[in-house]
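Biologist: I am new to this structure, and I would like to go through some of its labels slowly. Could you show me what we are looking at?

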Amino acid sequence: MSIEENVRIVKDFFAAIGGSDRQAAQALCAEDIEWIIPGEDWPLAGTHRGHAGLAELLQKASGEMEISSPQPPEFVAQGDRVLVVGLATGKVKATNRTFEDYFVFAITVRNGKLTNIREYVDTQALARATKMDASPRPLPAEESWANVLFLRNPDGSLDTFRLEEALPLLTDEQIEAIRPFAEEQEIPAGQLVLHEGQTELDFLVVLKGAIEFSAADSFGKEPTRIVLIPERSFASDLSLLTNTPLAADGRTTEATRILRVRHSDFRRLLSAEPDLATVILRAFVLRQSYKFRHGVGAVVLIGKAIDPDIQKLRTFLSRSDYPHKLIEPDAKDQTGRSMLASYGIDPSDIPAAFIRKGCVLKKPSVFELASELGLVEKLPSDHVYDLAIAGSGPAGLAAAVSGASEGLDTIVFDALGPGGQAGSSSRIENYLGFPTGLSGQELASRAAVQALKFGVRLVSPRSVDRIVKAAEDFFELTLLDGARVLAKTVVLATGAVYRGLDIPEYGRFMGHGIHHSATLMEAQLCVGEDIAIVGGGNSAGQAALYLSKTTAQVHLLVRQKDLSSTMSSYLVERLQASPKVQIYFDTDLTALTGHESLETVEWRSADGHSWTKPIRNIFVMIGAVPNTEWLKGCIQLDSNGYIVTNPMSPFETSQPGVFAVGDVRAGSSKRVAAAVGEGSVVIQYAHHYLARASSVEATA
């Protein structure tokens, strides 16, 4: 069905209800229709299922109340969902009391029938009308969304993206499933229940009342309202799983009754109720996206986008899903300059990071920024983990998910955050199960949430510097910052670092025009300009297609005579069909020139032709070298620096109990899907090692 047809069906449904034509209303609904109305004091509250439930609801509504709409509602279509926004006035017949209610309906339409109706309403106004005169809400009609969401899109419209999933209203059965893990509490109006900067958050379900969240920006201005958590929804986000500081304050708007699931019991709830866990985790991810879009609790970075130090900070924040925004000091609106002046920061002090009121970091490292944000936890030096993983690319995350889901106490370390080299891929279209493709960072973010669900401890930006066998039954891992962690087994998934070109001035322009990844951050640097990409593999092809959407022309420089042996055929076909991609075969990059940053690029083909172009950004994707320098003398490496593994136990290194997976392992296929497979399979070998070690200990 088309979007327009879905809207027409919903309009017909409301017209049928308004005309008291119950038969017509039922005909527009699926037999398993579900209509959820929040509130306890309100007589119509509850979950109404099927045609019988719908008929009972409509009959009860007409018998107990009179409703009218002073103005037509607004219908907003989003895929198979139609949002209905409006104002209703009416009277409860039993008390003869009036009410005024701003309502939001989220209605799902499939195959021409309404399958689900969820209301987001001011149930308190309706409840008051059953007992006393209701006070009109001080909200103008155009703010009718404001009973749930407060933040606006750039065009001024309220952000209602996937509202029914970001703020799901739990059914009676779901609430009852939560009760064994929770305690019921009465909270007075105006009380702070969750506060900015808090860690070890509890999971709160609103049974009656509401919780409103607000946050100040990084400059300490007046708090901005973000969202209202209505009855039957829950207050929390990914901070609960990552144990990172909360970005906003949550306060009750009136006397509120909640179910509180303690932080220590939350994962037990997820494990015991997998269907409910799906609803909760989907909401967490969407709320994180909502915070990211609107910069809730955002770090404000001041510096030049081409500055490599700024790029490192932005990459870390992006991979950590931490909201942030960049202001350039020489921007046309002079915002950056005025901010520097108002905080007494000299241009020589940039990049600078504004974190919160009174907290400004000058030239921070990634570790310093993470520490100030509360993302660097103190690690227990006496706790022995079952499994420690170095690297959180696809292989490391797959090992973490597999290990933790099978009961292994797991910790993962990474220098920047989840993603690895794959995190820089703009689009992966041949990964099984994703027919429309996904970016490398999307894959990593989903895998990270999955790992957190099973209790994995993700630690970044902190990397392992040394591994030694500390005793018969465990290893000691020393981090770059000096911290020490103990583990019974270790998986090395440190991947590879990008290979550079051996041409003059290459090092000088690293981070000043030369890039090794093609994400949104890099794409923003070259909108409307010509760019050059060096490489003939899938990464280069994916980057060329992605960047061609926003650049003027992509010049793809390929060393070999064709792409048949190095690039997937679907990418080759798309590149050849794109008018914005020009391919130069048998060609090498020969010269780079510029002052502070790259300005001109020269390349030459084998037949003697040369080109010189005014290009400020090039992308070098010619493979990588293994990230194993720190392992020399500890683990056996081959002549190219890759980790050698045991043919009889294909992932075990020269040190029993230490395993290698993904791109860092000699003989691996250097593909994302293969890395995920290796990370998943290595856990069975880790189990075998742990079983052998336990058997030896028992007989000793």
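Predicted model: local features only at pLDDT ≥ 70, side-chain atom pairs only at ≥ 80, totals over all residues.

Biologist: What makes Arg 282 and Glu 165 a salt bridge?

Modeller: Their closest N and O atoms are 3.4 Å apart, and because a salt bridge requires such atoms within 4 Å, the pair qualifies. Arg 282 lies in helix 9 and Glu 165 in helix 5, 117 residues apart, so this pair links distant parts of the chain.

Biologist: Why is Arg 282 called partly exposed?

Modeller: Its relative accessible area is 35%, and since buried means under 20% and exposed over 50%, a value in between is called partly exposed.

Biologist: Why is Glu 678 called buried?

Modeller: The relative accessible area of Glu 678 is 9%, which is under 20%, so the residue counts as buried. Arg 665, its salt-bridge partner with closest N and O atoms 2.7 Å apart, also counts as buried, at 12% relative accessibility.

Biologist: What do Glu 678 and Arg 665 tie together?

Modeller: Glu 678 lies in helix 18 and Arg 665 in the loop between strand 36 and helix 18, so the pair ties together parts that are 13 residues apart in sequence.

Technical notes: Residues numbered from 1 in each chain as written. Heavy atoms only, no water. Salt bridge = Lys/Arg side-chain N within 4 Å of Asp/Glu carboxyl O. Helix = DSSP H or I, 4+ residues; strand = E, 2+ residues; numbered from the N terminus. Buried < 20%, exposed > 50% of the residue type's maximum accessible area, 1.4 Å probe, protein only.
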